[in-house]
Every structure is written in C-alpha cells, then in structure tokens.
Amino acid sequence: MAFLCFCSVSNIIYHTSFFGDYEEINKDDGSMHKIDSIQLSHHCVNDDFQPKHKVSIWTMLNDNPAYIKSALKLGRALKKHTVDTEFDLIVMTLETKPLSNDSMRDLANVGFINCAVSPIRPTHLEGKTRKDLQEKFGVLHVFAMTVYDTALFIDADTFVQGPIDDLLNMDLEGKTIGVTKDIRARKWVDTFNTGVMLLHPALSTYDKLIELLMDENFEFEYIMSDQGFLNAVYKDDWHEIGFLYNANLALYRFQRDFWDQHKLEDIRIIHYTMQKPWRCNSKGPYGPICQVWIDAE
C-alpha cells in the first residue's frame with residue numbers, strides 16, 4: 001500500500017510518500033520481515049524530479065552566471081572522479097528565481113537533476129543576514145530529502161579534483177552532520193564551515209531546524225545565514241570530515257605551514273573562499289590553486 005501527500009509546513013510545500021507493509025530482506029539469513037511504514041519525502045516542487053539512487057550530491061544556485069559556470073566544472077569533476085559510488089547529482093534552485101533554459105540545459109548535460117524548492121525566509125531576520133547569503137537558508141531543505149539515505153551538500157565555489165567515495169561513505173559516529181573546522185580572522189576557530197556538509201536526511205531533524213529558525217528568541221550569528229544558524233544548532237553535534245575534503249583557501253593564505261603539510265594532489269575538495277575561482281589568476285597570490293580550476297574542463 002502506498003499513497004502520496006502534498007503537504008505544507010511553514011508555507012513550504014513538500015512531497016511525502018508513505019509505504020505500508022513494506023517487506024525487507026534480512027541480509028544475514030535471507031528471511032523477509034515487515035516494516036510497518038517507511039516515510040520518504042522531498043521538497044522539490046518540479047514534477048520532473050525523479051531520484052534514482054540512495055546517495056545524493058547537492059549544490060545550490062541562483063541566477064548568478066559565475067556560480068553557474070563554477071557548478072558546471074564541479075559537476076564534470078564529480079562525474080569524472082567519483083565512480084565507485086552511484087549518486088544523484090542535484091542542483092537546488094529557487095522556484096521564485098528559476099534559472100534560464102540555457103543554464104538548465106547546460107547543467108542537465110553535465111548530469112545535474114533539478115530540484116526547485118520554495119524559499120525559506122524567516123521574516124524576523126530581514127536586514128540581519130548578509131545580502132549575498134539571504135537565500136542560503138534554502139540549504140536546509142536538504143535535511144528533509146529522505147528519498148536519500150545520504151546527502152552531501154557542496155558550495156558551488158568549490159572544486160573536486162579527486163574521488164570522494166570515502167567521504168560519501170564516512171561514518172559520522174553518531175553526529176548529525178559532517179563538516180570541517182573553520183578559519184576566520186586569520187585563525188582557527190571552534191566553529192565549522194558548511195561549504196562541504198555530509199548528512200543523513202530525516203524529517204524530524206528538518207522540522208526541528210525550521211522550528212528553531214522561526215523562533216525569534218533563538219540567537220545565532222545572523223549575518224552568516226545558514227552557516228551561523230547551523231553552528232548554533234550543532235555546536236556540539238558535528239563530525240570532523242578533515243581538511244582534504246574542504247581545503248579552505250584562507251588556510252593557504254593565513255595558515256600556510258598547515259596547508260603545505262599536504263600535497264596539492266591529495267586534496268579532494270578545494271574551497272575557493274578568499275578568491276572565487278572564476279576570478280582566479282594563475283599569477284596571483286593563489287596561483288597554483290587557481291591553476292587547478294583554470295585547467296579544469
């Protein structure tokens with residue numbers, strides 16, 4: 001038995017499927033047993049969204065052409081290097097700010113599946129969040145995408161230069177998210193960077209996040225949008241994924257000794273924080289790191 005619900009929470013539309021009397025094979029002895037119900041959902045409002053695998057890699061785009069160009073390079077690199085794990089490559093877009101037909105065609109040709117979502121706009125935070133990050137609360141939708149067992153969110157200003165199968169299959173050791181320690185004001189800090197974030201979607205997790213986000217009494221670093229919010233929520237509930245999976249360009253500039261302890265070819269994900277990759281210059285201060293992106297297809 002199965003039925004589909006088009007539901008709404010906080011004016012956010014999502015699709016939920018309930019499967020009853022689901023039979024599952026016990027891998028140990030091959031016997032069958034019944035699970036009362038399994039709830040799978042996604043928040044994609046476009047009818048052509050069709051998940052294919054249980055692992056997903058996400059990035060989020062608005063109508064900024066520079067980020068679209070970077071996402072195309074990111075998508076090609078993911079498809080090229082990560083071949084041992086089947087995954088859906090998904091671009092999250094806002095239904096209120098759709099990409100052009102040409103951009104969507106280019107993204108589809110690389111292998112991206114479109115997931116258009118409703119914006120998440122806490123009205124009490126208007127004017128408090130950095131202007132270029134106001135739409136980033138939409139990233140929280142990924143926590144509700146229970147059609148997937150695993151979801152990896154990657155900012156579009158990153159580049160993958162090697163396989164990330166180990167990251168996709170990483171044990172979070174009981175923590176809710178997998179991220180890496182951040183650097184700010186030239187120093188290591190106790191907060192984390194959400195430019196690369198591994199998680200296992202759950203509706204209960206998403207519902208709690210939205211409840212906290214809409215709570216005017218819940219305080220966090222508003223200017224940093226989703227990153228400030230998630231740091232407040234998961235201050236003591238995150239697993240370190242390691243530098244190699246989020247090599248923040250700020251470390252190249254301000255913690256060079258640490259950066260140089262790692263071979264460039266061993267880094268799996270470069271995060272172009274200090275210099276956006278499309279503005280990179282091979283003769284500039286980040287020359288060899290910029291050259292990686294410049295040389296990429």
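The following legends describe close-up views of a predicted model.

**View 1. A salt bridge links Glu135 and Lys97.** The structure holds nine salt bridges, and Glu135 forms one of these with Lys97. The closest N and O atoms of this pair are 2.5 Å apart. Because Glu135 lies in the loop between β6 and β7 and Lys97 in the loop between β5 (88–94) and α2 (101–110), the pair ties together parts that are 38 residues apart in sequence. Glu135 is partly exposed, at 27% relative accessibility. Lys97 is likewise partly exposed, with a relative accessible area of 26%. Side chains of opposite charge can pair when their charged atoms come close.

**View 2. A salt bridge joins Asp226 to Lys136.** The closest N and O atoms of Asp226 and Lys136 are 3.7 Å apart. Asp226 belongs to helix α5, whereas Lys136 is in the loop between β6 and β7, so this pair ties together parts that are 90 residues apart in sequence. Both Asp226 and Lys136 are buried.

View 3. Asp102 and Arg105 are three residues apart in helix α2, which is about one turn of the helix. Asp102 is partly exposed, with a relative accessible area of 45%. Arg105 is also partly exposed, and its relative accessible area is 43%.

**View 4. Asp165 is buried without a salt bridge.** Asp165 is found in helix α3, which covers residues 165–168. Which side chain of opposite charge is nearest to Asp165? That side chain is Arg268, 7.8 Å away. A salt bridge requires a side-chain nitrogen of Lys or Arg within 4 Å of a carboxyl oxygen of Asp or Glu. The side chain of Asp165 does make a polar contact with the side chain of Thr85, at 2.7 Å.

**View 5. A polar contact connects the side chains of Thr180 and Glu240.** The distance in this contact is 2.3 Å. Thr180 is part of strand β9. With a relative accessible area of 6%, Thr180 is buried.

**View 6. Four acidic residues form a negative surface patch.** The patch consists of Asp207, Glu211, Asp215 and Glu216. Asp215 is located in the loop between α4 (203–213) and α5 (225–233). Is Asp215 buried, exposed or partly exposed? Asp215 counts as partly exposed, because its relative accessibility is 31%.

**View 7. Ala185 has a positive phi in a loop.** The phi of Ala185 is about 50°, although this residue is not a glycine. Ala185 lies between β9 (177–184) and β10 (187–199), in the loop that separates them. Ala185 is exposed, with a relative accessible area of 70%.

**View 8. Ser225 has a positive phi in helix α5.** Ser225 is not a glycine, yet its phi is positive, at about 55°. The residue is found in helix α5. Is Ser225 buried or exposed? Ser225 counts as buried, because its relative accessibility is 0%.

**View 9. Val142 is a buried residue in a loop.** Val142 is placed in the loop between β6 (112–117) and β7 (150–154). At 1% relative accessibility, Val142 counts as buried. The C-alpha atoms of Val142 and Ile57 are separated by 10.0 Å, and these two residues are 85 residues apart along the chain.

**View 10. Phe258 is shown in helix α7 together with Phe243.** Helix α7 comprises residues 256–259 and includes Phe258. Phe258 counts as partly exposed, at 24% relative accessibility. How far apart are the C-alpha atoms of Phe258 and Phe243? They are separated by 9.9 Å, while the two residues are 15 residues apart along the chain.

Methods
Residues are numbered from 1 along each chain as its sequence is written. This is a predicted model: local features need pLDDT of at least 70, side-chain atom pairs count only at pLDDT 80 or more; totals for chains, interfaces and linings use all residues. Side-chain values use heavy atoms; hydrogens and water are left out. Patches are made of residues with over 30% relative accessible area and no salt bridge: like charges are joined within 9 Å, nonpolar side chains (Val, Leu, Ile, Met, Phe, Trp, Tyr) within 5 Å. Accessible areas come from the Shrake-Rupley method with a 1.4 Å probe; for residues, only the protein chains shown count as cover. The place of a charge is taken as NZ of Lys, CZ of Arg, CG of Asp or CD of Glu. Helices (H or I, at least four residues) and strands (E, at least two) are DSSP runs, numbered from the N terminus. Buried means under 20% relative accessible area, exposed over 50%, partly exposed in between (1.4 Å probe, protein chains only). A polar contact is a pair of N or O atoms within 3.5 Å; within protein, one must be able to donate a hydrogen and the other to accept it, and residues adjacent in sequence count only if both atoms are side-chain atoms.
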